[in-house]
Amino acid sequence: MDEVIIIGAGLAGSEAALQLAKRNIKVKLYEMRPNKSTGAHVTGDCAEFVCSNSLGSSDITNASGLLKKEMELLGGELIQIAKENSVPAGNALAIAREDFAKAVTKKIIENPYIEIIREEVSTIPDGNVIIASGPLTSEKLAEDIKKITKTEHLHFFDAIAPIVEINSINFDKAFWGSRYDKGDASYINCPMNKEEYEKFYNILINAPRIEQHQVDKNSKYFESCLPIEVLASRDFDTLRFGPMKPVGLIDKRTGIENFAVVQLRQDNSAKTMFNLVGFQTNLKWGAQKELLQSIPGLENVNIVRYGVMHRNTFINSPAILNPSLEVKNRQGLFFAGQITGTEGYTESIASGLLAGINIANRITNKELLILPHETILGALMSYITNSEHLVSKHSMQPINSNWAIIPSIDMPKKDRKNKKLKAELLANRSLETLKVISF
């Protein structure tokens, strides 16, 4: 019987393995953790979330929400497990990290078609293979990927936000709420007046940062996951129009719309740990503590995990991959996950789903599934594997799902400025397109 080797039991690799298993195809799933650490993961569980615990909006008028719905229609496994292990997060789908990873691990271990092997893979094997080793791919495997794809890697930096203990938050100052009161009041909000924000800002822009290794100094930041200190360096008000925007967050005790607001989102099912939304950072730990404790409501906060930064690796997908995620010059070899240049947890899972379906189709002599551009997943796969949009062949940068990559839709002139209506029409078109596709 044909079998598939999957390298990496992260989100993409786990989804791909479960897709193959339900098609009765044997899988050898290799994962080097916990025997070898990535520097960002903390457990050996499959599908561990690292940077955040949010999968983004659940609303199909948001591109990320539409992608989740498409995955449901395509029979996604991890999206269902995420829902079963969700925590309150307003209109977003956020999960209890540990519970989710343990649930995925249990499903994989108990599946008779999947054998999980706790070893590092340093060379790409022959046969049917999915490389889903993620942006934290080990150096040895990265070197072999470079050889087989005959291309250099690109790098960017990713940062992780701190996590704090809820019992150490001062709710005389902090308050519960969601922006514009959408959904449950599931975020903790720490409001600032102008004077408090100025104090916070001055600490932040003068805080010492962890030095980068010399080899990393030419690497880029990913624009959608910039460290808070980098955002602050752009302008005094950048944070107030970004992760600390106060719009729609009013403390009902005072009725005041504040100058800035820091939001915290539930991180575990026990509701004891919360992460600071948008507070990715590379500050030294002592500086992080001083900064966080300058925030009203967090004066005596207990930091459970400090923010850190790590270098991520991704391949030059336009030169290497077809929209099916199969390597152009080697049949039966697929890539999936963030290493392809898809940015975001939802996107990683979706690429693993597509790679799993397509390698199964390759084995069973079926046509590979290339989704239409009218679907958000099809548009995303087209974008990361098509060089036409690049300024130069070296200018590719990881990308999230977004409306800009999907073909537009004709609308009456009077409705063209109605962004919500346009998103609804695009989403409905996508779902109707997907419903008639055989996979």
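These legends go with a set of close-up views of a predicted model.

**View 1. A five-stranded parallel sheet.** Here the strands line up as E6-E2-E1-E7-E19, forming an open sheet with parallel pairing. Strand E6 (114–117) and strand E19 (333–335) sit at the edges, each pairing on one side only. For a look at one pair, take strand E1 (residues 3–7) and strand E2 (residues 26–30): they run parallel and are joined by five bridges. Within that pair, isoleucine 7 has tyrosine 30 of E2 standing opposite.

**View 2. The largest nonpolar core, and a separate one.** The largest nonpolar core has 83 residues, and Ile6, Leu20, Phe100 and Ile130 are the ones that touch the most other members. H10 is the top contributor to this core, giving ten residues. Zoom in on isoleucine 130 and set aside its neighbours within four places in sequence: its contacts include Val4, Ile5, Ile6 and Ile7, along with Ala16 and Leu20. Further along the chain, isoleucine 130 also meets Phe334, Ala336, Ala355, Gly356 and Ile359. As a rule, nonpolar side chains in soluble globular proteins tend to be buried together.

**View 3. Helix H2 against helix H10.** The axes of helix H2 (residues 63–73) and H10 come within 10 Å, crossing at roughly 30°. H2 and H10 therefore count as roughly parallel to each other, the cut-off being under 35 degrees. Their crossing is left-handed. From H2, the residues taking part are Ser64, Leu67, Lys68 and Met71; these meet Thr346, Glu347, Ile349, Ala350 and Leu353 in H10.

View 4. Strand E5 (residues 92–95) is covered on both faces. Ala92 and Ala94 are buried on one side, and Leu93 and Ile95 are buried on the other. E5 pairs with strand E3 (residues 54–57) in the antiparallel sense over two bridges, with serine 57 opposite alanine 92. Strand E4 (residues 86–87) also runs antiparallel to E5, again joined by two bridges, and serine 86 has isoleucine 95 as its bridge partner. E4 and E5 make a hairpin with four residues between them. In the turn, look for glycine 90, which has a positive phi of about 65°.

**View 5. A six-stranded antiparallel sheet.** This open sheet has antiparallel pairing and the strand order E10-E11-E15-E16-E9-E17. At its edges are strand E10 (175–177) and strand E17 (303–305), each pairing on one side only. The twist from one strand to the next averages 40°. Six bridges pair strand E11 (residues 187–192) with strand E15 (residues 260–266) in the antiparallel sense, and isoleucine 188 stands opposite leucine 264 in E15. Helix H6 (residues 194–206) lies across E11 and E15, and runs at about 95° to E11.

Technical notes. Residues numbered from 1 in each chain as written. Predicted model: local features only at pLDDT ≥ 70, side-chain atom pairs only at ≥ 80, totals over all residues. Heavy atoms only, no water. Pairing = 2+ DSSP bridges. Core = buried A, V, L, I, M, F, W, Y, C linked by side-chain atoms within 4.5 Å. Buried < 20%, exposed > 50% of the residue type's maximum accessible area, 1.4 Å probe, protein only. Contact = heavy atoms within 4.5 Å. Axes fitted to C-alpha atoms, helices over the stretch in contact; angles between N-to-C directions. Parallel < 35°, antiparallel > 145°, perpendicular 65-115°, else oblique. Left-handed = near helix turned anticlockwise from the far one by under 90°.
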